[in-house]
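Colleague: I would like to go through this model with you. Please put it up and let us take the chains, their contact and the pockets in turn.

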2 protein chains.
Amino acid sequence: MNVIPKSVQDLIDELAKLPGVGPKTAQRLTFYLLRGSDENIRGLGEAVLNLKKAIKYCALCCNLTDEEICRVCQDKSRDPEIICVVSEPLDVVAFEKTGYKGSYHVLGGIISPVEGIGPDDLFIKELLLRIKNAKPKEVILAMNPDLEGETTALYIQKLIQPQLVKITRIARGLPVGGDLEYADEVTLTRSLEGRREY
Amino acid sequence: MNVIPKSVQDLIDELAKLPGVGPKTAQRLTFYLLRGSDENIRGLGEAVLNLKKAIKYCALCCNLTDEEICRVCQDKSRDPEIICVVSEPLDVVAFEKTGYKGSYHVLGGIISPVEGIGPDDLFIKELLLRIKNAKPKEVILAMNPDLEGETTALYIQKLIQPQLVKITRIARGLPVGGDLEYADEVTLTRSLEGRREY
């Protein structure tokens, strides 16, 4: 007999749709909320419903923002002449931890024929227009070092080459703290190719 | 620089409050929702907000329900003379998978001095009253076989003993599929004590 009330089962079902959340975890989270205060529930519920309300894409870099122009693009201390092209907003969060002082361009995804995502689904037109207008010193292609990332990087590199801008790709090699012994051969090959003189 | 818009950060913060959800997972889930449809977001948000709206405690067994009397207590095919006392609604879900045909009583927690939960915080008074009125054949104490569960079981056993009802405790022993070699000595001792003749 299903003894779980409908509103409880509804939340279990909704939570179980999230990636990495199975039915057991969804149950556990739901009953945690049930035991918690009404305030907790309201906080979470409203945060979910408000998530997209004020969100738009930055008119310059296409990152998610709640203003017309995002905080990075507004910041006068950042170098607008260096554009780091990433696929996702979370990649910007990652680069911000490094102390990088240039600007960004967020593609909003990666070219993936398997998932039916083509160049037109990404903010590539916006990037081209921006490069044409702003004539930056350097465009850093910072997609993930996997098949789709390399494909997207190559595609963009070919598109912007005619504009005579310096195009770079982030280094691929051994991660800091990594172990040579366990590195795959492609990574090792890249780390040899990318070796630098002292 | 914090580049995450406020509404996005709000949801990350709220999700990170859930047990087992760290800031990284909260970020991943939030951006998953951002990429998803508005319908998904509305579904989850409303499920959270509606969670407790129609929920009350069953007037008989104190389980969570959206009716006055829960589905198990309403079911005429169940034996009201056997009451299985559990600590949480999820324990009822677990027992329902076994084909158990008696009724339940949900305590709504476990006696835990460490967390400041005493007998008065649980539905123990309701259990006593129910036993006094309904005079069941048997009360099964089905709390977890841990320190707090045993304490709670012992406490309830002493309280209802004067009512001359048969009181049992679920068996403790080796789990099915378990391995003797890796069993702890307390479990093994219990499995010896609880041995049964063929």
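Colleague: What rotation superposes chain B on chain A?
Modeller: This is a predicted model, where local features need pLDDT of at least 70, side-chain atom pairs count only at pLDDT 80 or more, and totals for chains, interfaces and linings use all residues. Residues are numbered from 1 along each chain as its sequence is written, chains are lettered from A and ligands numbered from 1 in the order written, and side-chain values use heavy atoms, without hydrogens and water. Superposition is by least squares on the C-alpha atoms of residues with pLDDT of at least 70 in both copies. The RMSD is 0.1 Å and the shift along the axis 0.0 Å, for a rotation of 180°.

Colleague: Why are the two copies related as by a two-fold rotation axis, and which residue of chain B comes closest to the rotation axis?
Modeller: The rotation is 180° with 0.0 Å of shift, so the copies are related as by a two-fold rotation axis. In chain B, the C-alpha that comes closest to that axis, at 2.3 Å, is that of Gly45(B).

Colleague: How much area do chain B and chain A bury between them?
Modeller: The contact (heavy atoms within 4.5 Å) takes 57 residues from chain B and 57 residues from chain A. In chain B, Met1(B), Leu51(B) and Lys52(B) lose the most area to chain A, together 14% of what that side buries. Buried area is the accessible area (1.4 Å probe) lost on being put together, summed over both parts. Carbon and sulfur atoms hold 72% of a total of about 5000 Å².

Colleague: How many salt bridges are there between chain B and chain A?
Modeller: A salt bridge needs a side-chain nitrogen of Lys or Arg within 4 Å of a carboxyl oxygen of Asp or Glu. Asp38(B) and Lys52(A) meet in one, at 3.1 Å, N to O. Between the two chains the count is four.

Colleague: Which element of chain B supplies at least two residues of the lining of the largest pocket?
Modeller: The lining has 29 residues, and among the closest to the centre are Ser87(A), Glu88(A) and Arg35(B). From chain A, β1 (56–57), α5 (89–96) and α7 (147–160) each supply at least two residues; from chain B, the element is α2 (23–35).

Colleague: Which element gives the most to the lining of the second largest pocket?
Modeller: That pocket is lined by 23 residues, with Arg35(A) and Tyr57(B) among those nearest its centre. Two elements each supply at least two residues: β1 (56–57) of chain B and α2 (23–35) of chain A. With three residues, the one that gives the most is α2(A).

Methods: 1 Å grid on protein atoms, 1.4 Å probe; cavity = no way out; pocket = protein on both sides within 12 Å on 5 of 7 lines; lining within 4 Å. Helix = DSSP H or I, 4+ residues; strand = E, 2+ residues; numbered from the N terminus. Buried area = accessible area lost by both parts, 1.4 Å probe.
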